[in-house]
Amino acid sequence: MKLSRQFTLFGSAIFCVVVFSLYLMLDHLQLDRTKNPSSGSSFPGQLTILQEKIDHLERLLAENNEIISNIRDSVLDLSESVKDSKGSPEVGNQSRVGYPELLASPPLVIPIQQEDCHFAAKPYNKPADGVQMLDVYDLLSFDNPDGGVWKQGFDISYNENEWDTEPLQVFVVPHSHNDPGWLKTFDDYYRDQTQHILNNMVVKLHEDERRRMLWSEISYFSKWWDSIDSQKRDAVKSLIERGQLEIATGGWVMPDEANTHYFAMIDQLLEGHQWLERNVGVKPKTGWAVDPFGHSPTMTYLLKQAGMSNMLIQRVHYSVKKHFAIQKTLEFFWRQTWDQDTTTDILCHMMPFYSYDVPHTCGPDPKICCQFDFKRLPGGRISCPWRVPPQTINDGNVKERALMLLDQYRKKSKLFRTHVVLAPLGDDFRYNEASEWDQQFQNYQKLFDYMNSHPELHVKAQFGTISDYFSALRPAAAVDPVSNTSPLLPVVSGDFFTYADRDDHYWSGYFTSRPFYKRLDRVLESHLRAAEILFSLALASVQKANKWNDFPSLENYKLLTEARRNLGLFQHHDAITGTGKDWVVVDYGTRLFHSILNVKRVMANSAHWLVLKDKGAYIHSSSMPLLQMVTRNPFLPLSLVIYNPTEQDRWSVVTVYVNTPRVRLQTASGHAVTAQVSAVWEETTRASREAFQVGKGLSLQKSLCLYSCIDLQTNYHFIVMRFILQRVKYKEGGVEHKVEVGFVWYGTTSNRDKSGAYLFLPDGEAKAYTPNHAPVIRVTKGVVFSEVTTTYQHVTHTLRLYNVQGIEGQSVEISNTVDIRGEFNREIAMRITSDLNSSDRFFTDLNGFQIQPRRTMAKLPLQANFYPMTTMAYIQESGVRLTLLTAQSLGVSSLKSGQLEVIMDRRLMQDDNRGLGQGVQDNKITANLFRLLLEKRSETFKPEWSYPSLLSHITSMYLNHPVIPMVVSPNYDSLTFAPLSPLRAALPCDVHLVNLRTIQAKEGAGPSHEVALILHRRGFDCEFSNRNMGLLCSTTQGKLPMGKLFSELSVQSVTPASLSLMHTLDGGRSQEEIQLKPMEIRTYRVQLR
């Protein structure tokens, strides 16, 4: 009764505060009128202002009425909970799934500050010289006429005297592109080729200080560094200091930009940059991406945030390249679409020709350029396919050969707006033999010497790095070093998907290829992030308790480091893409799987320390851990620690497996929790008698919560009926929409070139999936969730609805277990058909970071209208949006109005002639997980630009970061535990904790006392209903009180840094409050104690 009175008094107090605030506002209006008497001429204007204030006040009254109603409902709910817990502690609330620990229900209306809605409401203002890629696609005819020697381009001519006043500057950039796995595994490539390239580099660059070399992949560089002695390390550092060796980008790999999630993109960049800082002292300045199959502005943003100012890209649709070449816009400032100024601009160079190999980099004629790839000299292992070999340069031919090469340089320069020319000199795994170093450098130096010694040629040619090139380009293009703008270079916004290298050969197949491993990648991402956060919190707590020697920090940190690097390796553009040889894919998968097991150990070890009430009783035992990361346990009773890895208070369904259906779940304080016992199906129609699934909706207000399962006689049953998703009804208002889920097949074309790991070349429109046998349908109905499972020959399709108050109750969960191992040249897709009038517009995310508008174009082949989907895709009409959220990267399209279509798996029997040399026949049974969300939106419909709703953002986060149950070992019954809430309060709804990553110590392989706090403020659309969303948070204009962020740990210092910690930014080491702009990702060096 006392607690009930306190709740009532609290609600009344808030009511009084609201009423008094409204009174003050009215009084303020009256005072304004008294102090500023209106003149006759201004009286209508004053009336208008007064009317606006009254309207605003009415809106405030309406919002406060809703808040007061919510307070009343919460007080009543809490009062009833108190009565129930006192009157019947064993039973709990059986009428609905309620909050067990007296936690208030989610607010009826989310408190969103009006200022937080301005960002998404701003109109998109394209700069006067701006280029939006959607507009470019509208302009292009996508024909492919024969362009002569430059097959996909056009003839280029010039006047001899064009360079008389301003000489041509040519930078030849030697490079070696080393794939960390493709036709060989990472280790095999290193053993056979990469180590020799790097060893030769040290010797050959020291022979002549005019020589240059560019390197990118730190995964290889670090492995080689560990094998060399201190003398060779010093030699490498001297090459870097003299500018002969440049590390470009500096990530662990050169990542794919279509399937990768921005968490993993940041993580591999951080791992590479941190390794460079500790070992070499290098801070990369320029991005280098010659081989990813299409390019995302997300990567651009991350490079800019990491402190880079320039970048290079290569694989762009040949029609787009030709258009940019005609317009002389191959060099541009790449700007994020939400950016209204130059904050996110980065100077980008797009390579104009077909490939990054030597025949396609010196100029438009590959037959001539191949003659200047001196590795192809007669007698070597490779030759020119045009059957005109290179010639060794000597006094007798140097003039003729130099003029021939200069002609190509001049023609290439005509595609750009300055007289600075870039000519990369390399290819895959080049310079692995000492002879090639001599062939390339000695012959080119003779050519350069001739050109430079003849002033009438008006050219200066030299070896250079990519940063050397940009250093010359910036003044030539009149780039202002302060504003980072140029009167010569345009601004480009958008992405460069979907890539085609010739004809109708669109690289949209790899968006889905090997989906089993794409799903495994996301599981490791989620587990690694969860382990990083727990480990960082545990380490700070250990330090605070002065128990540094008791906790296995070094052992756990080594496991984290290995997991970071294995995840980073898989972001490589031939790994997550599914475009490696079968045994290479197995090697990647083995690394991912072992790292998942290892980070589970880190989580269990860290949670052990954190939940222990008496830290003095802590004993680490690797053979008998306190917590076990298992989901099946044959013994009851058992105790559970539930880990919520998100930054939000959360209401989620947790599932564990037990050996008996007679089970009851209760909190650590003894309150019963409503649970649902369901069957575990061993076969389609046979349920296990030894394993049962216990599902329960739990309130996770704390990061580590405690629950227990005990024996209790419980009856359970299952009913079977025929069901397929056909319509979705709003909870609020009862409006129905047609939403049907079905499956379709794609075949491959009968032409010579067929679908493979990279390419999607279908044989026409999809055909309906028609199973040979009637499906088996199972229906499970319970208090926590209800689901329908339909088992077809190739797909086990499950629709699940959660009967919970939180986010998970707002959408339909779709699980498709796909098995096409017996098929021949087929691809299976899930098609969602609705009654929404979406026309030819749809929206897909890029890397889980931003939304890109798409337009289905009839002038393009079907396969060109598929795009990468990392976390979501949606269609909309005025007033309604239908969003498909995904837990794995797949290819998606909207080929007809009201449809979304996702390719779920591909089985292809042949190579598609892109170098892999095999098809995709190593299919596995793959579980794809989705959520389908239908939302009401205001009638204001802006199709050109779009942001997700807050609800879809957090639904996606819950889908990708599920709660993690850990079982307490029965050997530790005598210990007492306490739940943990590391954050003093949930973060704002629009702020995501990307990572809390312990930084490695400067000496040794162990952890330091600093963590990298990485935050992202999401952009969201306020035009959606914010009623009954199940969210337990608010917005704060991106403000975070750092001094009050953690509950049991204090923040000793906060230092703003660049994304990957390469640079320290202005702002000091002590910030009481930080503020993020919408869409901004920021990193801070933080010391916790």
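**Figure 1. Overall content of helices and strands.** The protein has 18 helices and 42 strands. Helices (H or I, at least four residues) and strands (E, at least two) are DSSP runs, numbered from the N terminus. This is a predicted model: local features need pLDDT of at least 70, side-chain atom pairs count only at pLDDT 80 or more, and totals for chains, interfaces and linings use all residues. Residues are numbered from 1 along each chain as its sequence is written, and side-chain values use heavy atoms, with hydrogens and water left out. Of the 1089 residues in the protein, 60% are buried. Buried means under 20% relative accessible area, exposed over 50%, and partly exposed in between (1.4 Å probe, protein chains only). Contact means heavy atoms within 4.5 Å. Among contacts between residues at least 6 apart in sequence, 77% join residues at least 24 apart.

**Figure 2. Helix H15 against helix H17.** H15 spans residues 515-544 and H17 spans residues 582-611. Their axes come within 8 Å and cross at roughly 30°. That makes H15 roughly parallel to H17. Axes are lines fitted to C-alpha atoms, for helices over the stretch in contact, and angles run from 0 to 180 degrees between N-to-C directions. Angles under 35 degrees count as roughly parallel, over 145 as roughly antiparallel, 65 to 115 as roughly perpendicular and the rest as oblique. By class, the contact of H15 with H17 has 23 nonpolar, 5 polar and 2 charged residues. Ala, Val, Leu, Ile, Met, Phe, Trp, Tyr, Cys and Pro count as nonpolar; Asp, Glu, Lys and Arg count as charged; the others, Gly among them, count as polar.

**Figure 3. Helix H12 across helix H13.** The axes of H12 (residues 398-413) and H13 (residues 434-452) come within 9 Å. They cross at roughly 85°. H12 and H13 are therefore roughly perpendicular to each other. On the H12 side, Val398, Lys399, Arg401, Ala402, Leu405, Leu406 and Tyr409 make the contact. They meet Tyr444, Lys446, Leu447, Phe448, Tyr450 and Met451 in H13. By class, this contact has 10 nonpolar, no polar and 3 charged residues.

Figure 4. Two strands pair if DSSP finds at least two bridges between them. Asn816 has Asn928 in S35 as its bridge partner.

**Figure 5. Strand S2 between its parallel partners.** S2 (residues 168-177) is mostly covered, with 9 of its 10 residues buried. To strand S10 (residues 459-463), S2 is joined by 5 bridges, and the two run parallel. To strand S9 (residues 420-428), S2 is joined by 9 bridges, again in parallel. Gln169 stands opposite Lys460 in S10. In S9, the bridge partner of Gln169 is Val420.

**Figure 6. Helix H6 and its cover.** In H6 (residues 218-225), 7 of the 8 residues are buried, so H6 is largely enclosed by the rest of the structure. The buried residues are Ile218, Ser219, Tyr220, Phe221, Ser222, Trp224 and Trp225. Their cover includes helices H5 (186-207), H7 (230-241), H8 (262-279) and H16 (553-570). It also includes strands S3 (213-215) and S4 (245-247).

**Figure 7. Surroundings of Gln152.** Gln152 is found in the loop between helix H4 (133-139) and S2. At 14% relative accessibility, Gln152 counts as buried. Gln152 and Ser319 are 167 residues apart in sequence, yet 7.6 Å apart in space, C-alpha to C-alpha. Leaving aside neighbours within four places in sequence, Gln152 is in contact with Asn144, Tyr318, Lys322, Tyr354, Asp501 and Arg502.
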